[in-house]
Amino acid sequence: MASTQQDDWWRHGIFYQVYPRSFQDTDGDGVGDLRGIIQRLPYVASLGVDAIWLSPIFTSPMADFGYDVADYTGIDPLFGTMDDFDALLEAAHGLGLKVILDLVPNHSSDAHPWFVESRRSRDDPKRDWYIWRDGAANGAPPNNWLSEFGGSAWEYDETTGQYYYHAFLKEQPDLNWRNPAVREAIYDVMRFWLTKGVDGFRVDVIWHLIKDLDFRDNPPNPHYVEGRPPHEKILTQYSTDQPEVHEVIAEMRDIIDRYGGRVLIGEIYLPLQRLVAYYGNDLRGAQMPFNFALLSTLWSARSVERLIGEYEAALPPGAWPNWVLGNHDRPRVASRVGREQARVAAMLLLTLRGTPTLYYGDELGMVQVPIAPGQVRDPFEKNVPGIGVGRDGCRTPMQWDATEHAGFSTARPWLPLSIDSAHENVVNLDADTRSILSLYRMLIALRKKRTELVLGTYEPIAAQSDLLLFCRRVDDKSITIVLNFGAEPISVTSSSVGFGRKILLSTFLDRDGELIDGALDLRGHEGVIVGADDHAG
Ligand code: NOJ
């Protein structure tokens with residue numbers, strides 16, 4: 001039977017990001033591992049999500065906690081063995097969960113044998129696998145490009161008297177994606193994992209892969225604000241988002257399509273208008289270019305409404321939207337918007353049109369954990385200290401229960417636990433029928449039950465001040481979402497939400513089934529989902 005686009009699992013699915021170091025430790029070293037993830041898979045499945053994405057688990061010196069890969073087809077012993085991975089894949093699939101791996105093709109570790117060879121001599125066969133340049137006449141770096149983690153993006157290498165390019169740490173040299181041999185090597189890596197049965201990749205910094213052929217200087221950023229990370233002083237006009245990158249992504253897409261039912265997700269921090277180009281010509285690019293707009297927008301009804309509208313309008317015909325509220329690089333949503341608004345944010349994420357990606361622990365309302373200077377692990381914070389760029393605070397251990405180390409480990413965890421973990425943990429929040437965890441479970445269940453929430457159109461409804469209103473519609477069935485972004489109560493006329501309809505869910509979880517008669521009154525920080533009574537479909 002011919003399948004339609006609507007059958008693609010990743011369109012109606014929900015993704016859940018696991019940061020392996022912080023999910024569950026089983027060998028008592030204070031760092032999470034694959035066996036730990038296996039142990040906790042039933043919990044993940046019980047949430048009702050469809051896929052897990054694992055941040056890198058490959059062999060790595062861990063200079064950037066796995067985003068510096070020394071063997072793309074090996075499992076780092078810290079996380080376990082290939083047998084553990086195979087067991088994880090089987091267990092996940094057995095529970096109906098897809099598994100997405102993190103592919104890091106822009107750069108390897110400097111400990112990768114490819115780079116070890118490449119730096120040996122100027123005429124090494126692997127020399128052109130990385131980006132080597134002579135310094136400027138005065139011995140300065142070849143151009144003004146900056147590393148995202150501070151300082152010049154060029155590192156001088158004594159052995160051969162040239163510089164190599166690294167968009168991130170100097171321990172993360174960029175691969176040369178203009179070299180066909182590099183492409184084939186990484187495509188082989190993709191085939192290796194796809195043949196094992198993984199369901200797709202989240203591709204790290206995919207918009208970085210191709211650099212300007214002439215390595216022209218980047219222009220200064222006229223909008224740079226003092227106190228922001230130093231790499232923002234220049235724009236990345238020539239170092240990222242080059243037109244030829246779309247050829248590469250189309251090649252990656254061809255590979256995954258040969259396996260059927262797999263998904264290509266791209267990590268892309270670009271303005272919406274440029275982001276949507278990553279769907280590719282004729283949608284032959286990434287199926288899900290990550291949409292991070294909610295991570296940085298001002299948390300107000302009008303600004304969120306505006307960005308949803310801009311995104312919807314920018315999507316190429318047939319492109320499927322997606323939304324992200326948190327990840328391992330950005331401050332926790334509960335700290336960004338506040339604990340009360342975190343519930344509103346959850347309702348927004350799980351009712352918008354497009355595939356949602358959840359970040360582990362956001363379903364518990366986990367907050368950004370303060371990290372004392374002596375506890376810093378993140379190389380970004382170490383290189384650019386004191387201005388708040390540190391990512392450790394959003395990577396702290398999952399809070400499972402009220403035992404010592406929150407059930408995460410028997411040993412002291414690699415990062416401190418949140419002080420609230422004795423209360424804000426899975427066991428406690430599951431016992432509380434009105435907790436944020438219960439809200440996440442109910443929202444996911446409702447999204448599964450009502451086609452409108454998955455496949456329905458997005459229709460904004462005019463609203464003022466702190467109110468965000470929109471409708472999701474399939475044929476004659478519709479659901480209205482009413483979100484109060486403010487602390488004050490607010491009243492909505494029933495003409496906006498429909499007479500004779502019911503509250504299907506409130507973020508407070510205490511008024512389900514309430515008939516809307518006259519006005520709909522919302523409390524401060526309340527969101528509600530309104531619809532006709534449950535019905536088939
Ligand atoms: C993006 C990843 O999400 C981040 O954690 C990492 O530091 C950089 N890419 C470099 O790989």
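**View 1. The shell around the ligand, sorted by class.** In this predicted model, the residues around the ligand comprise 4 nonpolar, 3 polar and 7 charged ones. For this sorting, Ala, Val, Leu, Ile, Met, Phe, Trp, Tyr, Cys and Pro count as nonpolar, Asp, Glu, Lys and Arg as charged, and the others, Gly among them, as polar. Look for Asp64, His107, Asp204, His328 and Asp329, which come nearest among the 14 residues around the ligand. A residue is near a molecule if one of its heavy atoms lies within 4 Å of it.

A word on reading these views: residues are numbered from 1 along each chain as its sequence is written, and side-chain values use heavy atoms, with hydrogens and water left out. Local features need pLDDT of at least 70 and side-chain atom pairs count only at pLDDT 80 or more, while totals for chains, interfaces and linings use all residues.

View 2. You can find an oxygen atom of the ligand 2.8 Å from an N or O atom in the side chain of aspartate 204. For histidine 107, the distance from a side-chain N or O atom to a ligand oxygen is 2.9 Å. Arginine 202 places a polar side-chain atom 3.0 Å from an oxygen atom of the ligand. Taken alone, the ligand exposes 290 Å², and the protein buries 98% of that. Such accessible areas come from the Shrake-Rupley method with a 1.4 Å probe; for residues, only the protein chains shown count as cover.

**View 3. Two residues with positive phi.** Valine 205 is not a glycine, yet its phi is positive, at about 30°. Find valine 205 in the loop between β9 and α6 (245–257). Helices (H or I, at least four residues) and strands (E, at least two) are DSSP runs, numbered from the N terminus. Valine 205 counts as buried because its relative accessible area is 4%; buried means under 20%, exposed over 50%, and partly exposed in between (1.4 Å probe, protein chains only). Phenylalanine 215 lies in the loop between β9 and α6, and its phi is near 50°, a positive value in a residue other than glycine. With a relative accessible area of 14%, phenylalanine 215 is buried.

View 4. Start at tyrosine 187, which is found in helix α5. Is tyrosine 187 buried or exposed? Tyrosine 187 is buried, with a relative accessible area of 3%. Now move to glycine 197, in the loop between α5 (180–196) and β9 (200–203). Glycine 197 has a relative accessible area of 16%, so it counts as buried. Its C-alpha atom lies 9.1 Å from that of glutamate 90, 107 residues apart along the chain.

View 5. Serine 438 belongs to helix α14 (residues 436–449). The side chain of serine 438 reaches the backbone oxygen of aspartate 432 at 2.8 Å. Serine 438 is buried, with a relative accessible area of 10%. Arginine 434 sits in the loop between α13 (426–431) and α14, and it is partly exposed because its relative accessibility is 47%. Which distance separates the C-alpha atoms of arginine 434 and leucine 509? They are 5.6 Å apart in space, although 75 residues apart in sequence.

**View 6. Histidine 93 in helix α3.** Histidine 93 is found in helix α3 (residues 82–94). At a relative accessible area of 35%, histidine 93 is partly exposed. Its C-alpha atom is separated by 9.4 Å from that of alanine 51, 42 residues apart along the chain.

Note on methods
Polar contact = N/O pair within 3.5 Å; in protein donor to acceptor, adjacent residues only side chain to side chain.
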